[in-house]
Every structure is written in C-alpha cells, then in structure tokens.
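Here is a short report on selected local features of one model. Please read it alongside the sequence and coordinates.

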Amino acid sequence: MKTSLLAFFFLLPLVLADLRVGFYNATCPQAESIIRQVVQKRFATDSSVTGALLRMHFHDCFVRGCDASILIDSTPKKPSEKSAGPNLTVRGFELIDEAKKSLEAACPSTVSCADIITLATRDSVVLAGGPSYAAPTGRRDGLVSNPDDVNLPGPSFSVSQALQAFTAKGLTLNDMVTLLGAHTVGLVHCNFFQNRLSNFQGTGSPDPSMDPALVAKLSKLCAAGNNPTTFLDQNTSSTFDNQYYNQLLLKRGILQIDQELASDRSTTGIVSGFASNGVRFSKSFATAILKMGSLQVLVGNAGDIRKNCRVFNLE
C-alpha cells in the first residue's frame, strides 16, 4: 500500500480559539456529512478541487480572519474581496453554494459559510490522500468584505518577506513552510511564474534556480496564450503528499517563493525534513491548518450566519 495514499488521523486539541469539535452535534448533527457528500461528488469528477479549496481557505483566513468574507459577491456599487487581484482566480465558490443550499434545507440559519469552507477543505485534503483531522467549528460569518483589505503574500516574495506576512498572523516559520506544502495539489496560471522563464530580474536569462528542462516545458505551455495553468507539483499532482518538497530539492518549484524555500538557510532544513518524511509533513500540516483556521474567528454573537454565502443577510 502506498503511504502517500494513506489518510492519517491525528489527535489534536479539541478546542481552538472558542471553537470546538462537534459544534453542530445538537443543532445540525448531519452538517459534516452533508458537506462531505458535496465534496466527494465534486472530487470524483475534478480532483483539482482540493487545491482550489485550500487556496480559498488560505485567502479567506489571511484577510480579516476565517469569516467567509471571500465569498461575498462584488456589485457595481460595492466591490468585495472577490474583485481584488489575488482573488480573481480563486475558484470553488459553487461547491460552497451547493453545500449551503443543502444545509439550509436541513438546518436553516445554523451552519456558517466560514465553517463550510473549513470543513470542505478538510474533506478534500483527505480525499486526495492527506491527513484526516478533527476540525473545530463554531465560526460566524463576517459582515465586511472590502477589496482594499486583501494583502496576501505574493508568488515572487522572498522567504523573509513571506515570513513577515505569516508572523503578522501569529504563524511560525515552520507553519509557513508547512502550509506552502498545500501546493502539492495546486494549479497555477502562467502569469504567476512567467517572470522566471526569461529575463528573470532583468538578467536576460531564465531563473537559474529552475531546472532547465522545466523552463523549456513551461515556456512552451505559456507561449500558447490564454494564460493556461500547470500543476505546482509536477510529480504526484493530484495526491496530497510530500512530493512538493522533493520537487523543490530537484529545482522544480514553479513559484519563486516555493523554490526559495529550498535555498534559504532558514527553511532548507525544514524542506529536507519534509521531503524525507511524509508522515512528519502530514502531522505538521494537520496542526498548521487548524492553527490557520482559528485566525481572528468570529464566535458567539459576533458576525452572522448567512443564509446565502454570497450576500450579507441584510441585503
């Protein structure tokens, strides 16, 4: 049996930042199974949904906390986080809509959109062969979604620049290297890495830290036009495993920030450790994503429980 396909279960704290495992046990006992069924149905036809949901979860939590503010639709008079540049290629919103519709039919105004993102992401990671973990719930939905609030670490950041963004959220260097490991199942558009393929930083040549064979392959892909996508992990692209880190050691990282993890003195040891020990990565990932999922959450009477994840209840 391939260990990369095993789903590991880890015992982690059952309460994080006033969230708790089984928050809906009394009010909507079928909540987690409803969400899981929606994710399973989508994953069966599109395994790339795991990367899409991980990105959505990250982009949500890093802006105003994990409050589903990324789900609000923009209008001509009131733009939302969706209209911010980094979010224009975020996808998977219709999956959240489908889960919310089923949940509203079963338990009206009970399960938050923020918790749907969290649980759907967890379920998609498990389906892709990643760790299984109990995810605390009880988040409430935010009442603000402003494109000007979107300030995310970019694909061309250095390790130190990226670390500043993560530490500002209370996350550590190890958390950062671990969470970037979500790129083991991600897709990326050419515009996010095309600067590495030629005239890198004004040198007139490709980024020397990228394998020349990969440069040639990606150059051909991107030359086709229409900003196509490629896998961030060029090996086991649809499996949630530690191969992303092995690819970095082979100079086959797609994004500049990914490849710099393998060369920066502060992170190279973590990369090597995860590359050689998939179980270590899985445990670290389960811990780090739960930590990220508890960032600045709204609980108790704060925020709201949206009836439609795309609009505030008052609209």
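Where is Q296 found? Q296 lies in the segment after helix 11 (278–292). Helices (H or I, at least four residues) and strands (E, at least two) are DSSP runs, numbered from the N terminus.

The model is predicted: local features need pLDDT of at least 70, side-chain atom pairs count only at pLDDT 80 or more, and totals for chains, interfaces and linings use all residues. Residues are numbered from 1 along each chain as its sequence is written, and side-chain values use heavy atoms, with hydrogens and water left out.

**Positive phi**

Most residues other than glycine have a negative phi. Q296 has a positive phi of about 45°. S109 has a positive phi too, near 50°. S109 sits in the loop between helix 3 (93–106) and helix 4.

**Accessibility**

Buried means under 20% relative accessible area, exposed over 50%, partly exposed in between (1.4 Å probe, protein chains only).

| Residue | Relative accessible area | Class |
|---|---|---|
| T118 | 5% | buried |
| A128 | 4% | buried |
| S109 | 35% | partly exposed |
| Q296 | 49% | partly exposed |

**Helix 2 and helix 4**

Two packed helices are described by the angle between their axes and the distance between the axes. The axes of helix 2 (residues 49–61) and helix 4 (residues 113–127) come within 9 Å and cross at roughly 145°. Axes are lines fitted to C-alpha atoms, for helices over the stretch in contact; angles run from 0 to 180 degrees between N-to-C directions. Helix 2 contributes T50, L53, L54, M56, H57 and D60 to the contact, and helix 4 contributes I117, T118, A120, T121, S124 and V125. Contact means heavy atoms within 4.5 Å.

T118 belongs to helix 4. Beyond its neighbours within four places in sequence, T118 is in contact with H57, A135 and R139. The T118 side chain makes a polar contact with the side chain of R139 (3.5 Å). A polar contact is a pair of N or O atoms within 3.5 Å; within protein, one must be able to donate a hydrogen and the other to accept it, and residues adjacent in sequence count only if both atoms are side-chain atoms.

**A128**

A128 is in the loop between helix 4 and strand 4. A128 and S238 are 110 residues apart in sequence, yet 6.6 Å apart in space, C-alpha to C-alpha.

**R140**

R140 is in the loop between strand 4 (132–133) and helix 5 (159–167). The R140 side chain reaches the backbone oxygen of A302 at 2.8 Å.
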